[in-house]
Each structure stands twice: as structure tokens, then as C-alpha cells.
Amino acid sequence: RDVSIACMLGAEEFGFATAPLVSLGCVMMRVCNLDTCPMGIATQNPELRRRFAGKPEYVMSFMRFVAMELREIMAKLGVRRVEDLVGRTDLLRVRPRQVTKRAASVDMAPVLRSDYSVPQHFEREAVYDFHLERTADMRLLSGELDVTSRRHQEIDVPVRNGDRAIGAIIGSEITRRYRNTLPEDTYVLNCRGAGGQSFGAFIPKGLTLRLTGDSNDYFGKGLSGGKLIVRAPEGGRYVPEENVIIGNVALYGATSGSAFVGGVAGERFAVRNSGALAVVEGVGDHGCEYMTGGRVVVLGPTGRNFAAGMSGGIAYVFDRDRDLYKRVNKSMVSLGPVTEKHDLEELRELIEAHFEATGSQNARRILEDFPKNAALFKKIMPRDFERMLKATSQFEERGMSHQEAETEAFYAITRGGAG
């Protein structure tokens, strides 16, 4: 029935996902990531794998049952082939009495349009036109911004929530022409308003986006060398460091570059960050999740499950109330004070850069008495990453290059001979 309805709505391909897995014996324990699957499916444990009793014939039988029921439904509808069922929305009817008031409020007329009464198939000539020429990036490239020149350019750009992935197309053009060779701040876009989803996604070195306002989810996704700055408008009647200014999943998969956020970020800040530098006033749940590199400074509170799955990079968090340990996922990381001289220097430099970029009063207060406030910061670092750094340093002291030392440290740790 699901296949037939999807087909009538226009589907020509179908994914069956979990159902074939269940036919092989899956009991939906939802522990696939723990290597403890009791049915021997999602595990490398030889003892558990011996329990697997599934056979390919079970999936074949399941698919035959689906096909048989689909043929029965098609026979009732008077349709011989699946191809003839595609797009036949005229064969669908809306239930006269819906289960809930909310369901009854949905207008299905646009979905069940009568002009879809004939089969619909993909036609390359009829591909949907996304009107990229109307995007903020294309307007700038065809007007004020000249990326054919390496000269410094600074442009004011009004933005709204519907402008998605601002900077991505400009960044692609910069990368195509110059790769990663431009100096920082070659092109600066002073944006004002509400940044839509994926603001500053994938931007390369040489492009800087300064946003006065706020931004939606996926801010700085895939950041690749560029610089992002967000600050609240002057004269606002709220405290920036206590209010959310960017959405969820910021800096997802960032590889390099920097971001200075003059406010609080949503959930999953810097998830899978592998090389970017970031300073933010506070973060929601799951901050630095699966982070593999880079540096993150949090000048305020964090949500729960901070640093879950973090295997690289370093996070410095201002622990004013000394209760950060309650919210850190300690399965892979260690938590301690910032005591090393180079760590303190790095922390101070990042906070100074943040203050200069955003005018953060929170950063200003921390810098005014930095020695005292630095004692309130916690350094969060993956234990294996720390072992790797120490081992690399030991091999460098023997006269090896950094690359050679990293290679030797890796093999030494995997053999259990270092750290």
C-alpha cells in the first residue's frame, strides 16, 4: 500500500530501509553503534556474529510479498504496469473524516492536482529552474563585487532569512580562480539583517562575511579558510552573550578558517569541525560533537553532552560556576585547567581577536583580568589526541621532521609503545 501511494504521488524508485533488515532477524535493539547487536548483524564480535541466522532468501520472500500485494492493489485500480501508476493522483482520495483536527486542516488539493492524471516522468528539458541569478551571490558577482581583481573590496549587503548559503557561490568563484592563495579579508561583505540557512557555507580564504544581526542553522557549514563574524545590532535591548544569535549545527564539517560569534549558538556547535578556529559566547547541547581538529573557545555556558565523540582538537570553556564537569561527555576526553604557557597564549589571542571582531563585552571583562579569569577556563582534549601530541613531540626532539614524527608516533601508539 505504501509503495502504491508513493507511486501515485510520482515516485519511480523506492527504498525499503529497515523492513528487509527485520526480515534478516533484526529486533530493533538500537545498539548498532555499540558493537553489541544480539542478533549478530551490526557487530564485529565473532561470538555475536555466530548468532546471525538470516538468509538472502528471507529478503527475497519479503520483496515478493510486497510485489504480490502491490499487484493486488493495482488490479483493483485497473492498472497493469507500475509505470502506468506513476503520477496517477486521480486514483487517490482524501479521507472524508480525519483522525485529528490538525490532519483535517491540511489542504491536499495542491498534491492531488488533476493535471497529474497522466504518468509523470523525469524530463531533462523540464528541470526545475532554481533561479540562481536571483540569489544575493549572483547579484553581487554581476554587479558590485569584482572577483577578477585581487584588490581589497568591501561591500555592504542587506540580507534576509530567505537568502540561503550566502557566500557559497562567491566562494566557489574565488576558489576556481585563486584556489587558497588570497590573503585574508581580500573581499569583505558587511551583511546586515537575518542570515538564512548555511550562511557562509564553504567560503575559502580571502572572503570575510561580517553579519550584523542573526543567522539560521548550518552557519559556516564546511568553512574552508574564510572568516565569519556575527554581532548583535548596536542599541539592542538585550544582552548578546545571553541570547541565541546563530542556529543549530554551526561549523558542521569546517576544515579551516575562523568564526567569531558575538552571542550564543544553538545545538551541535562545531560538530565534525576538523580545523577551524571559533569563539562563541555560549552553546547548546552536544557542542563540539565528533570534532576532529581545530580550536573552540566558549566564553559562557554549554548545554549537556559537550564533546561527545570528540577525537581531535581542543576546546577551552569558561567555567565560571565550576560545574562544567556535569555537562561534559567524558567517554573520550579529559577535563582540566589551562596551565601550559602556549595554551594560555593561544587562549588570550583568540579572545582578543573575538573582542576586536565582535566588540563582545564578555570578552572585554575576561581580558581585563586575564590571569584571574584564565584560571576559570577548562581545557577539554581527547585523551588519545593528547597521547599523540606528546609522542610526536618526543620524536621531534630526536631530530625528526614534524611529518615523520607524527607517523612514528601513530605507529608507536597503535603498538602500545608510547604515551
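Author: A residue is buried when its relative accessible area is under 20%, exposed when that area is over 50%, and partly exposed in between. The model is predicted.

A search of the whole structure finds four aromatic pairs. One of them joins Phe16 and Phe62, with ring centres 6.5 Å apart. The planes of Phe16 and Phe62 stand at 90°, so this pair is edge-to-face. Phe16 sits in the loop between helix H1 (2-8) and helix H2 (18-23). Phe62 belongs to helix H4 (residues 56-77). The pair therefore ties together parts that are 46 residues apart in sequence. Phe16 has 28% relative accessibility and counts as partly exposed. Phe62 is partly exposed too, at 22%.

Phe318 and Phe377 form a tilted pair. Their centres are 4.9 Å apart, with 45° between the planes. Phe318 lies in strand E9, and Phe377 lies in strand E11 (residues 377-382). That contact ties together parts 59 residues apart in sequence. Phe318 has a relative accessibility of 5%, so it counts as buried. Phe377 is buried as well, with a relative accessible area of 0%.

Lys221 lies over the face of Tyr218, at 5.3 Å from the ring centre.

Now the charged pairs. The structure holds 19 salt bridges. Take Glu173 and Arg177: their closest N and O atoms are 3.0 Å apart. Both residues are in helix H7 (residues 168-178). They are four residues apart there, which means a separation of about one helical turn. Arg177 has a relative accessible area of 43% and is partly exposed. Arg176 takes part as well: Glu173, Arg176 and Arg177 are linked in a network of salt bridges.

Next comes Lys227, which bridges to Glu184 with the closest N and O atoms 3.5 Å apart. Lys227 lies in strand E4 (residues 224-231), whereas Glu184 lies in the loop between H7 and strand E2 (187-195). Lys227 has 15% relative accessibility, so it counts as buried.

Asp285 and Arg304 make another salt bridge, at 3.3 Å between the closest N and O atoms. Both partners are in loops. Asp285 is between strand E7 (274-282) and strand E8 (292-298). Arg304 is between E8 and strand E9 (312-318). The parts tied together are 19 residues apart in sequence. Asp285 is buried, at 18% relative accessibility. Arg304 is exposed, at 52%.

Last, helix H11 (residues 383-397). At 1.5 Å a residue, its 15 residues should span 21 Å. The end C-alpha atoms are 22 Å apart, which agrees. The buried residues of H11 are Ala391, Thr392 and Phe395. Those three cover an arc of only 105° around the axis, so they are on the same side of H11. Just after H11 comes Gly399, with a positive phi of about 100°.

Key: Residues numbered from 1 in each chain as written. Predicted model: local features only at pLDDT ≥ 70, side-chain atom pairs only at ≥ 80, totals over all residues. Heavy atoms only, no water. Salt bridge = Lys/Arg side-chain N within 4 Å of Asp/Glu carboxyl O. Helix = DSSP H or I, 4+ residues; strand = E, 2+ residues; numbered from the N terminus. Buried < 20%, exposed > 50% of the residue type's maximum accessible area, 1.4 Å probe, protein only. Phe/Tyr/Trp six-rings, centres within 6.5 Å; stacked < 30°, edge-to-face > 60°. Lys NZ or Arg CZ within 6 Å of the ring centre and 35° of its normal. Expected span 1.5 Å × (residues − 1). Arc of directions from axis to C-beta.
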